[in-house]
Each structure stands twice: as structure tokens, then as C-alpha cells.
Amino acid sequence: MTHSGGELAGRLAALAAWREALLAGGLPRSSAAWPEAELQQAVREVFGRLRLPGYCAAQPELADTVLQGLLFHLDLIVDYRDRGDTEAAAQARAVDSFAADWAERCGEIDELVGAFGDLGDLLKNTRWDALRGLLRSTEWREVMRIRALIERLPELARILRALGRARPTDEVSESSQALQAVVEQAEVQRSESRRVRVPDLPGETRGVQRSGRIARMLPAEAMLLGHPRLRLVWHARRAERTLLAYEDDDHLQEDCLRPAAVLRPSQRPAPERRLERGPMLVCVDTSGSMQGGAEAVAKAVVLEAVRCAHAQRRACRVYAFGGPDEVVEMELGVDAEGVGRLARFLGQGFGGGTDICGPLERAIARLDEAGWALADLLIASDGEFGATPALAARVEAARRERGLRVQGILIGDRETIGLLELADDIHWVRDWRRYGGDAGKAGDAEADGRRGDGAGANASTLAAGGGSPVHSSHLTADYFPGALRTLGNRAATVTPEAAAAAIRAGRHRGESP
């Protein structure tokens, strides 16, 4: 309203045209109203060079922010002239300032798009200042480093896409569950009542009408029958159905059944087709044993989970766990607050002990909620943990009764007993060491030495390929199969009291008491 360039009416009309064109992804036609011809050409060149129409397409808040910035910078032309600049120099200075400002912002938007894809309402003007501060923080640099790491781990997207049981695929399910909770479309018969008007049915008198009904004719019409000549008129009116008669009708109540489509939850046997793209429950190990490359891969799992959940409109809950009572539950979304929480999480270091029981109990309890009944569980860890028998039994009961599927991402050198007992499938990130980054190589080597994983003895192997120093991750299952709590091992296991009694009695394996 108080801008120094152009007349008010012409400027407002030109701004409306600019806004409409930007929302459509283009530039408006040239207008002599605002800005003036030479300045308008320079502004158009800046918009084209920075590809601002593409950013503003279908983004009203961003388009308004761009036009507000343009108004601000062009309004400074008068101030530049007062400081001694010529008209051309003042215009060039204002356009260059606008271009420099939005070149930086476009770079920040590109970073956001690269990290999260569709931004939704993330770029609303009310949140831009807080968002720009976040994008300049050291935590956001860590987000971009992890984003680059995801491109080297494409299998993470495949694993996360397969979580959940909301949508059937064309692939046959490899495992069968006892019961599967699904939401399917059903048809029910719904009763509908309506009032039907029945004309000429004795009921409510509404007025007078022309009719041929003798029973409802007016007394004045009946008087014609007593006249020797007018009776012929009466017969003519009756034949033509023009007798004056009372108009009456009544209503009948009609009940009928009509089919209607509804969504109904049901329990049925495990589907023949594999289900995917449902809610995600992600447990991420943040203990001290994850320092280095394992920590980077774990953070990549979290970032990719947020990306998948946002792009596919899925619910995602992250449980970062360390030692006992060290569980941080986060619901990360692509908004100003959610991005801030994500950046803080990805920017912090890992440390402490490992306790899987806390996050697993919370995740299983979450399945009782309606929106999470079809969720699957993902555990990203180096496997250096152990679940109690009671908790392992609860996970197995959730598999059997609710169809829960547990996926494991092993960021270590071998599958441990704890991970084998909990996960249906385990994906091994064999070359996790190479993702630690240059800054953490010394710390990674020291951590590997503390963990005793053979990194020092296999330095040449790790330097050449960055892979694991062991030939297989199945060391526990191959060399210590009796340590697993399988059905066969459980049946063959006796209590300490029974074993002591057998030894005192001198019995051997297989002998009955």
C-alpha cells in the first residue's frame, strides 16, 4: 500500500497477476503498470535464473513470501538514489540484493527437498525464520551428511517400504500368520424410511380442484342434478373431469433396505499376498557400542523412515534406546518442530549401555491403539543386547495373535542371540565401518578395539573394502545352535533342579526317571 514504485491501483493489479502466474508455475505477461519496463525485465531474468516459478507452483505461502521480498527490495530504490546512486544503479542494486537473498533461500529449499521430498506446508511464511535458523545449524549439516549416506544404502528404502500391513502387494507372503487383522470393504443392508404422498387418498383436505370424482364434488355441483337442463351440464363436466371437487391426499410411510458400502475390520487367515506400507515402529540402538560407522547407519535408518512416512502418508514412531530407562520416544514429522527434533537427534552422539526391553515394551503396547494395529517393528542395532524370556514370549505372542512382523538391521559383524530371537528377517549392513566419516576414523578404530571385533588384526581388509572381518554373520547359529531358544532347544532343556536330581540318581540323557 505504501510502496514507492508505480501507482497504487496499477501496482495492486500487477501484483495479483504475478501471484496468479507464480502459483501456476510461470511468469505473467509484461505490464506497464508495475514495475517499469527496464526494471521488470531485470526482475524477470532473476526469476528465470533462480527458477522461482517452479518453487512457487501450488505454494501460496511461498509465492506471497517471494512477492513480499520483491516489494521490500524494490522499495529501497528511492533510498539508494538518496545516497547518490543513479536511477539505473539503484535499480540494479535492488535487483541484485533480491537475487542474492533468494539464491540463498533456494539453496536451502533444495536441501529440504533433497532431504524430505515433498515439503507440504513446511515453507509457510510463519515458520520460515525458525526454519532458516535450523538450516544453518551444525545439526543440519549432520542431516545432510546422513542424507548423502542414504543414497549409498538403497536397501533401507526397500526394507522400510515393506513395513506395515496396510496395502497388499503382488508378491506372495513367505510366512503365514495365525490371524491377520485387515480393514476391508463390505456391503450391508441399511433400512431407509421415506414418506410417499398418495393423491386422492382420503386424508387431509388441501383445497378445491377440477376432478371427475363424484364422492368428493362440492355441493354446488350436486345442485345441478336437480335442474332438468343443468343436469346435462353436470354430465358434461363429469365426462370432462372438470367438476369442482375437494382436493385431498394422504402420506404413507415406506420402509426399504438399500445396500451400502462400509469399511469393516475383520480377522482372517494370513493373506496370500504380502502386505506393506503401513505404520512403522522403529527401535534404534543409541548405545556406546554403536559409535562410529554403526551410528551413522542407525541415523540413516531414522532419516529414511521419516522420508518414507512423509512421502507415503504413513505413521512413524521412533524409539531411541540406550541403557535401562534410557528410551526417547519421538514422532517425527516434516514440519518445523519435527525437523528440529530430527536434526537434534541426528546431531547428537551415542553413548551408554544397551537395554532392549524398554523400547520393545512400549512398541508392543502401541499395537493396542487403533491407528497402530497394523504396524510392523524394525530394530536397527549391532545386536549386542539380550531380551528377557518373558519379553521374547510377548513378541512371539504378538506375531501369532496380531500378525506382527519384526525386521532387523544388523549393523555389526554377527547375528547375536538377542537379535535372532526377536527378528523374522535380518538385513546385514556388512560394510558399516566405511560410513563413519573422516572425522571419526580414529575414534572408530578405538571403539572397534574396545569391542574386540578384530578390526586391528584385519586393518588391511577393512581398508581395502570396508567390510566385515568375518566371512558370515551367522556365527551364532552355525557354531552355537544350542544357545538359541528354539522350540527344539526348549523341549530338550531341563530345569536346574531336574538336572541335579538326574545326576544324583546316576541317570543319563534319554533315560526316564
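What percentage of the 513 residues in the protein is buried? Please then examine how helix 1 and helix 4 pack.

Reply: This is a predicted model, in which local features need pLDDT of at least 70 and side-chain atom pairs count only at pLDDT 80 or more, while totals for chains, interfaces and linings use all residues. Residues are numbered from 1 along each chain as its sequence is written, and side-chain values use heavy atoms, with hydrogens and water left out.

Of the 513 residues in the protein, 43% are buried, meaning under 20% relative accessible area with a 1.4 Å probe, protein chains only. The secondary structure comprises 21 helices and ten strands; these are DSSP runs, numbered from the N terminus, with helices being H or I of at least four residues and strands E of at least two.

Helix 1 (residues 8-23) packs with helix 4 (residues 60-74) at an angle of about 140°, and their axes are 10 Å apart. The axes are lines fitted to C-alpha atoms over the stretch in contact, and angles run from 0 to 180 degrees between N-to-C directions. The two helices, helix 1 and helix 4, are therefore oblique to each other, since angles under 35 degrees count as roughly parallel, over 145 as roughly antiparallel, 65 to 115 as roughly perpendicular and the rest as oblique.

From helix 1, L15, W18, R19, L22 and L23 meet P60, A63, D64, L67 and L71 of helix 4, contact being heavy atoms within 4.5 Å. By class, this contact of helix 1 with helix 4 has eight nonpolar, no polar and two charged residues. Here Ala, Val, Leu, Ile, Met, Phe, Trp, Tyr, Cys and Pro count as nonpolar, Asp, Glu, Lys and Arg as charged, and the others, Gly among them, as polar.

Conventions: Buried < 20%, exposed > 50% of the residue type's maximum accessible area, 1.4 Å probe, protein only.
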